[in-house]
Structures are given as C-alpha cells and as structure tokens.
Amino acid sequence: MTSLCSGPLIKAIIGGMRVWRLGSGKGVNDLVSLLDEACRLALITRWPGEHHNHFWEQGIDKVLLDLLLENFDKQALEHPLTPQARISIAQQGLDTNFLIALRPYIWEIFGWLAFTQIFSLPMLIFFDSLSFVEAICKGCQISENDDTSRSESSSRAVLVMMHSSSTYIASKVRLILSGVLEIKGNECLKRLLYLLDYGSSANNFGSANIPKTVVELVCLICYSGLPEYQKNVTRGDGIRTLVTSIRRCLSNEVCTSRRSFALHFYHNVFYERTCCWMTAEEWEGKDALLFYSLWGLAELVQHSSDIDHSHIKSNLIKTVQEVLDNVSAPGPRWLAANILSYFGVYGFPNKHDKGFGRALEDKEHTDLQLLFANGESVSVHKIILAVRCPSLLPPEQFPQSAETTDNFLVKDVPRKCCPMLQKEVRLSARVDQQALLKLLDYVYFGYVEAGEDLARKLKTLSKSCNMQPLFLMLCRKIPKWGTPIPSSDFTDALGPLGFQFADIILEAEETEKMPWACSFCSLLVPHMHAHKFILQSRCKYLQALFLSGMQE
C-alpha cells in the first residue's frame with residue numbers, strides 16, 4: 001500500500017489528522033476518535049519508504065505542531081529570547097495539556113520521520129527536548145501506563161533522532177537538547193543515575209518498575225550522546241548495574257516487551273497480527289529492558305577510559321557473549337557485537353555455530369591458493385569466498401558455464417570439467433598478510449580477534465573488500481536502527497553463483513515421472529548441483545559417507 005498508492009494514502013491520513021481544526025460543530029468524541037485512528041495509521045512512518053517524502057510534502061510538521069499546542073503563539077519562540085525565557089514560553093504551551101492522549105503518537109511519528117529524512121522543524125525538536133527533561137524530572141512519579149507511554153515516546157524520539165542517518169538532524173537535536181539541559185542538566189543526570197541504581201537493586205527490580213527503568217535507560221543513552229555529560233555518565237557503578245540487569249533478563253527473571261507500556265502502538269486486535277514488514281520491535285527483540293540495557297552498556301563502555309577491575313571485565317564479556325549465544329533479535333545482537341569490539345573481538349561469535357573455521361586447516365578440499373608477495377600462501381575455498389567475500393576473487397574466477405558428467409546418484413565432477421579448480425591468485429604487495437589472514441578468519445568463523453594495530457589495517461582491507469558489517473564493527477559504530485545481521489545463509493551457493501564451483505550432483509530417486517528442467521544442465525531427473533565441502537562441513541552423516549569412499 002505504501003508503495004502503490006503512497007500519495008493518496010498519506011493525503012487521507014493527513015486529512016484525518018487535520019480534522020480537529022476543520023471540525024467545528026461536530027461531536028468532540030467523534031473528532032477525538034477519528035484523530036486517534038488517523039494518528040495510529042500515521043505510525044507507518046516507522047517503516048522506510050517513499051511515503052516519508054509524502055508526509056513532509058503534506059505538511060506533517062505543521063500538523064503535528066497544531067495537535068501539540070492549541071491557540072499557542074508559535075511566532076513568540078521565533079523572536080530573540082534568552083534560553084530561559086524560550087523554555088518558559090514553550091513549557092506554558094505544553095502545560096495546557098491539549099489533546100494530551102495524542103502526544104505519544106506525535107513524538108513517535110516525528111521521531112521516525114526525522115530518523116531518515118533531512119527535513120526537520122527545530123521547534124518540534126525543541127518541544128520534544130522539553131518533554132524529554134520532563135520525563136527525567138517525573139522519575140518515580142511515573143506510575144500510570146499513559147504517563148509511561150508519553151515519557152517513553154518523547155525520550156525515545158530524542159534517541160532516534162540523535163542516531164538519525166541525517167547528520168543535520170543528529171547534530172541539530174544534540175545542539176537543542178544541550179541548550180534545554182543547560183539550566184538543570186547535571187541535576188537531572190544526578191537524579192537519573194540515582195533512579196537507575198535504585199530501580200536495579202534486588203528489592204526494587206521487578207515487572208512493575210521495568211517501564212520506568214526503560215524510560216530512564218533511554219534518557220541515559222541520550223545523555224551519553226552529549227560530550228559535556230559523558231564523564232559524569234561513566235562515573236559510579238553504571239557498568240556493573242547494567243551488566244546485572246542484562247543477566248537478569250537472560251535468566252528470564254523478567255521480560256517486558258514494549259507493547260506492555262507503549263499502549264499507543266498496540267491498542268486493538270488488528271495490531272496484534274503478524275505483519276510481513278520488519279518492525280521496530282522485531283529488530284529490538286521482545287525484551288525492551290534487555291535492548292536498552294545493552295545500548296546503555298555500549299555507550300558506557302565507549303566513553304569509559306578504561307575498565308580496570310578484572311572481575312567486572314570478565315563478567316561483562318561473559319554476559320555479552322551469552323546474548324550472542326541465546327538471543328536471535330538483530331538489535332541486541334548488534335549491540336552485543338559493538339560492546340565486544342572494545343575488547344578486540346569483531347563479529348558474532350556463537351558457541352552454537354562455529355562456521356567453517358575448521359575448514360581453514362583442511363588443505364585437502366581447498367581449490368584456490370592466495371599467494372602473498374613474500375612467497376607464502378593460504379589455501380581457501382572458492383565457494384566460501386564467492387558467497388561471503390567475492391572481492392577476493394578476480395573476475396576470471398567466475399566462468400559463465402560448466403559441463404556436467406554422466407548420470408550417477410552421487411558423483412564427483414571431474415577436474416577437466418572445472419578448469420578453474422586448483423588455481424592460484426597472486427595478491428598485490430600492498431595487501432597486508434596479517435590483515436588478510438584475519439579477514440579470512442571473519443569469513444570462515446563469523447568473527448575475528450585483533451589488537452588495535454592490526455584492527456586498523458583490517459579496517460582498511462574490509463572497506464576495500466566491501467565487508468560493510470565488519471567495517472562497521474571495526475569503526476565501533478552503533479548500527480542504524482533496523483540494520484540486519486550479516487547472513488550466514490548459503491542458499492546462493494545453490495544458484496548460478498555456486499554452480500560455477502559445484503563438485504557434486506545429488507539426484508533424487510524418482511517415485512513417479514515428473515517434469516524437471518535444470519537451469520544449468522540437460523539432466524532430466526530431479527537433482528541439485530552442490531558442494532562436497534559444504535555438505536560434509538554441515539552434516540556429519542554425509543561427512544562419514546564421503547570419507548568412507550562412497551560412490552552412490
């Protein structure tokens with residue numbers, strides 16, 4: 001819908017959101033109900049797409065301001081004023097509580113729009129920053145779900161904008177937030193750190209307090225993005241507190257999804273249905289506390305000059321590794337990988353999946369040698385490089401066709417039919433040998449360990465080889481919202497790319513005649529062109545058969 005009829009759809013949504021200004025004489029309840037549904041539908045801004053541009057073209061910024069403030073002189077804030085006077089005037093507008101039930105929608109819609117667009121309205125950022133400070137000041141007073149929803153949505157909008165793909169928006173929100181916090185920023189931070197420490201204690205840690213803790217964590221992460229507060233943020237027991245919180249989430253002591261307190265997202269049965277889009281909650285995972293605890297920990301580790309205490313360090317690494325071993329959601333896994341990067345581990349180590357690590361030591365089934373300028377070499381598998389790092393293969397390693405052989409149930413393809421096997425590739429003298437070997441570790445294992453000096457060389461090489469996920473981790477950047485985990489899927493190896501390097505054909509025993517057409521050969525029985533190396537690496541049964549000299 002957002003692709004096929006984006007313009008008319010957004011025009012209808014904006015029309016519904018403008019109904020308050022146009023609805024004089026109509027029943028108030030009917031107007032509020034229509035506004036609520038229009039704002040709920042406008043939450044499609046959390047999905048990327050062309051519809052974002054249509055929202056801005058239809059004047060979404062002015063519509064949101066009208067819903068935020070009733071009969072407020074917005075021109076007053078545009079005149080030269082002292083920061084304190086500007087804040088005072090704006091606070092008066094917010095305190096009117098006009099259509100307060102819609103504020104979670106307003107901040108959510110604006111946050112997602114500003115996350116991906118270069119358009120923005122400083123006034124909306126200013127009001128959102130004020131709401132952010134108000135969320136901190138409320139602290140323990142947040143008790144009702146609607147209060148939590150409002151505080152969470154405003155602080156989350158600030159967080160999303162601070163990590164916007166638009167440098168303009170990210171810098172603008174930091175500038176405005178710093179100005180708003182200038183008067184009582186340190187006081188609010190001190191209170192925030194106290195509340196987090198209080199909420200994480202054994203006596204107070206429970207499902208009833210988690211929504212407040214999530215809001216406090218979001219606020220802490222935002223504070224971490226402001227240089228003037230980073231030293232104060234990293235003082236105290238923040239790292240220990242967050243590691244404890246993560247361990248409790250992993251042990252299933254608590255698990256609170258965002259839908260339990262962000263009620264504006266999940267108000268009726270239609271929003272409980274599974275949707276084919278990658279939603280924000282799917283990326284964040286089902287446990288909001290785990291997600292924001294990891295993000296908070298990533299920020300604290302980034303700004304901590306050193307983590308001296310060996311017990312804290314070992315407990316932190318062990319806890320983060322457990323996240324990678326047991327959590328499937330992309331967001332928490334990315335944050336865990338980001339934290340490990342500060343300890344010299346880059347990637348996604350997982351005790352359940354060792355990748356193709358052992359294959360690097362298996363010289364028998366390799367089909368390519370990479371020769372370094374000093375005469376040394378490393379043996380690799382073309383199919384692994386073709387799927388995971390094609391930049392290491394020169395263009396001539398991708399032949400356009402290959403013959404197949406006689407008809408057996410399982411058989412090797414003779415080397416004469418695959419002339420590209422057992423070739424050598426000479427690498428430029430500019431390629432650092434240590435860096436390339438580490439790059440191969442990442443390709444085969446899914447992660448790599450490297451010291452600072454080697455990591456710098458590896459960063460240059462990973463960028464040249466277009467290994468974006470590895471480059472991102474070597475830069476120690478927290479990924480953009482929605483960034484997928486690098487795939488370990490080898491489905492492409494069964495297609496045209498992998499056929500070039502196939503060395504075995506698997507035929508199914510026919511139980512009945514059925515039409516069959518292969519895209520690569522003239523064989524008429526159901527079959528697959530596969531790779532003996534991958535099959536025996538992933539399946540111990542086939543490994544035993546191959547090693548026993550099986551022919552069929």
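Student: In this predicted model, which residue does Glu-284 meet in a salt bridge?
Tutor: The model is predicted, and side-chain atom pairs count only at pLDDT 80 or more. Glu-284 lies in helix α15 (residues 280-284), and its partner sits 128 residues apart from it, in helix α9 (residues 145-162). The N to O distance is 2.7 Å, and the partner is Arg-156.

Student: Are Glu-284 and Arg-156 buried or exposed?
Tutor: A residue counts as buried when its relative accessible area is under 20%, and as exposed when that area is over 50%. By that cut-off, Glu-284 and Arg-156 are both buried.

Student: Which helices are linked by the salt bridge between Glu-322 and Arg-247?
Tutor: The closest N and O atoms of Glu-322 and Arg-247 are 3.0 Å apart. The two residues are 75 residues apart in the chain. Glu-322 belongs to residues 310-326 and Arg-247 to residues 238-250, so the helices are α17 and α14.

Student: Where does Asp-432, the salt-bridge partner of Lys-457, lie?
Tutor: The side chains of Lys-457 and Asp-432 meet at 3.6 Å, N to O. Lys-457 lies in helix α21, and the pair ties together parts that are 25 residues apart in sequence. Lys-457 is partly exposed at 39% relative accessibility, and Asp-432 is partly exposed at 27%. Asp-432 lies in the loop between β5 (423-426) and α20.

Student: Which residues of α21 are buried?
Tutor: Helix α21 covers residues 452-464 and reaches 19 Å from its first C-alpha to its last, close to the 18 Å expected. On the other side of the helix, Asp-453, Thr-460, Lys-463 and Ser-464 are exposed. The buried residues are Leu-454, Ala-455, Leu-458, Leu-461 and Ser-462.

Student: Which residue with a positive phi follows α21?
Tutor: The helix itself has 13 residues. The phi of the residue in question is near 60°, and that residue is Asn-466.

Key: Residues are numbered from 1 along each chain as its sequence is written. This is a predicted model: local features need pLDDT of at least 70, side-chain atom pairs count only at pLDDT 80 or more; totals for chains, interfaces and linings use all residues. Side-chain values use heavy atoms; hydrogens and water are left out. Helices (H or I, at least four residues) and strands (E, at least two) are DSSP runs, numbered from the N terminus. The expected span of a helix is 1.5 Å times one less than its number of residues. Buried means under 20% relative accessible area, exposed over 50%, partly exposed in between (1.4 Å probe, protein chains only). A salt bridge is a side-chain nitrogen of Lys or Arg within 4 Å of a carboxyl oxygen of Asp or Glu.
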